[in-house]
Amino acid sequence: MKKKKHLANELNVPQKMVMYLLLVFIVLIMAVPMWNVLVVATSSRLSASRSGIKLWWDSFSLEGFQYVFTVTKLLRPFLNSFFVTTVATVIQVVLSSFAGYVLIQKDLPFKGAITSFIMLTMMIPGDLTLISVYQLNKQLSLLNSYTGLIMNGLISGFSILLMRNFFETVPYSLAEAARIDGAGEVHIFRTIYLPVSLPGLATVFFMEYVSKWNSIMLPAALVTEQNLYTLPLMLKAMILTDASTSGTSFAPDNAVMAAIIISTTPLLLIYIFAQQYLLEGMNLGAEKG
């Protein structure tokens with residue numbers, strides 16, 4: 001019976017062919033643009049300026065990367081993005097963990113109302129509040145400052161609820177037993193909940209790091225001084241204006257693609273090192289949700 005049921009659930013040959021073709025199509029539409037970016041970035045300026053998708057090199061060259069670091073001076077925006085994103089993400093993970101731990105307490109007053117309010121904040125588009133955020137930062141003298149770039153967006157309703165879901169997978173009896181033994185809440189949080197929630201912490205960290213690293217609307221509203229530009233702002237300047245090249249001509253195509261590769265490399269490295277925790281965390285969060 002089990003064998004018949006297993007065979008009945010298997011896909012037939014036409015269904016498998018359709019599934020494989022669909023997977024190949026998805027891989028192609030994802031891989032071809034990425035490969036095109038790599039080829040253009042490592043091509044000469046003349047070759048990169050030719051229209052069309054490039055799947056191979058006419059002439060291999062690293063002058064695009066040289067242009068990025070000498071003419072465009074991308075190192076400062078890269079360091080700005082790294083500093084702001086890392087500090088802001090670490091603080092956000094800590095705050096989300098604290099808030100998620102509070103939300104799992106059984107004796108928390110108005111827990112349902114607090115959770116509903118957090119969910120309500122997730123339904124408000126960030127672009128809708130951009131003007132009010134700008135005005136508030138202006139009144140607090142946070143424009144054109146690292147503090148403004150770090151402080152804004154430190155609280156995320158999604159991250160809080162995600163950490164709450166992970167903490168709810170921990171048996172509440174462990175915390176009750178620790179309280180009976182005289183352990184404080186900080187000790188319980190640090191020794192019981194955090195160690196078993198590393199996949200959740202990695203998931204929140206990676207998702208928020210990617211979001212903050214790629215953020216352009218908020219930095220564009222808060223920063224006008226070029227020495228405080230983040231990578232997305234500098235990429236926008238390279239493509240749309242000549243401000244990034246100190247009044248000279250527009251950045252060539254190979255330099256733009258080289259800047260894109262440089263900007264995505266840290267995210268790829270983070271994913272490689274955090275892949276195990278990330279996949280486990282996303283699966284656990286999906287099951288809990």
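This is a short walk through the model, stop by stop, with something to select at each one.

**Before you start**

You are looking at a predicted model, in which local features need pLDDT of at least 70 and side-chain atom pairs count only at pLDDT 80 or more, while totals for chains, interfaces and linings use all residues. Residues are numbered from 1 along each chain as its sequence is written, and side-chain values use heavy atoms, with hydrogens and water left out.

**The whole chain**

Switch to cartoon. The secondary structure comes to 15 helices and 0 strands; helices here are DSSP runs of H or I with at least four residues, strands are runs of E with at least two, and both are numbered from the N terminus. Now show the surface. The protein exposes about 17,400 Å², and carbon and sulfur atoms supply 70% of that (areas are from the Shrake-Rupley method with a 1.4 Å probe, and for residues only the protein chains shown count as cover). Of the 289 residues, 37% count as buried. Buried means under 20% relative accessible area, exposed means over 50%, and partly exposed is in between, with a 1.4 Å probe and protein chains only.

What about contacts along the sequence? Among those between residues at least 6 apart, 68% join residues at least 24 apart; contact means heavy atoms within 4.5 Å.

**Stop 1: the nonpolar cores**

Select V68, L74, V223, Y229, M234, M238 and A259. Of the 32 residues in the largest nonpolar core, these touch the most other members. A nonpolar core is a set of buried Ala, Val, Leu, Ile, Met, Phe, Trp, Tyr and Cys residues joined through side-chain atoms within 4.5 Å. Helices that each supply at least two residues of this core include α4 (63-72), α5 (75-103), α12 (198-214) and α14 (231-240). Which helix gives the most to this core? Colour α15 and you have it, with 8 residues. Apart from this core lies another, of 17 residues; F166, A175, F189 and I192 are among them.

**Stop 2**

L11 sits in the loop between α1 (2-8) and α2 (13-41), and is partly exposed at 40% relative accessible area.

While you are in that loop, click on N12, which is also between α1 and α2. N12 is partly exposed, at 39%, and a polar atom of its side chain lies 2.9 Å from the backbone nitrogen of Q15. Polar contacts are pairs of N or O atoms within 3.5 Å; within protein, one must be able to donate a hydrogen and the other to accept it, and residues adjacent in sequence count only if both atoms are side-chain atoms.

**Stop 3: two buried asparagines**

Follow helix α2 to N36. N36 is buried, with a relative accessible area of 13%. Its side chain has a polar atom 2.7 Å from the backbone nitrogen of K54. Leaving aside neighbours within four places in sequence, N36 is in contact with G52, I53 and K54.

Next, jump to N152, in the loop between α8 and α9 (157-168). N152 counts as buried at 17%. Its side chain makes a 2.8 Å polar contact with the side chain of N137, and a polar atom of the N152 side chain lies 2.5 Å from the backbone oxygen of G148. Not counting residues up to four places away, N152 touches V133, N137, L218 and L222.

**Stop 4: the salt bridge**

How many salt bridges are there? The count is 1, taking a side-chain nitrogen of Lys or Arg within 4 Å of a carboxyl oxygen of Asp or Glu. Select R179 and E185, whose side chains meet at 2.6 Å, N to O. R179 is partly exposed at 26%, and E185 is partly exposed at 36%.

**Stop 5: positive phi**

F110 is not a glycine, yet has a positive phi of about 55 degrees. F110 lies in the loop between α5 and α6 (111-122) and is exposed, at 68%. N144, also a residue other than glycine, has a positive phi near 50 degrees. N144 is in the loop between α7 (130-139) and α8, and counts as partly exposed at 25%.
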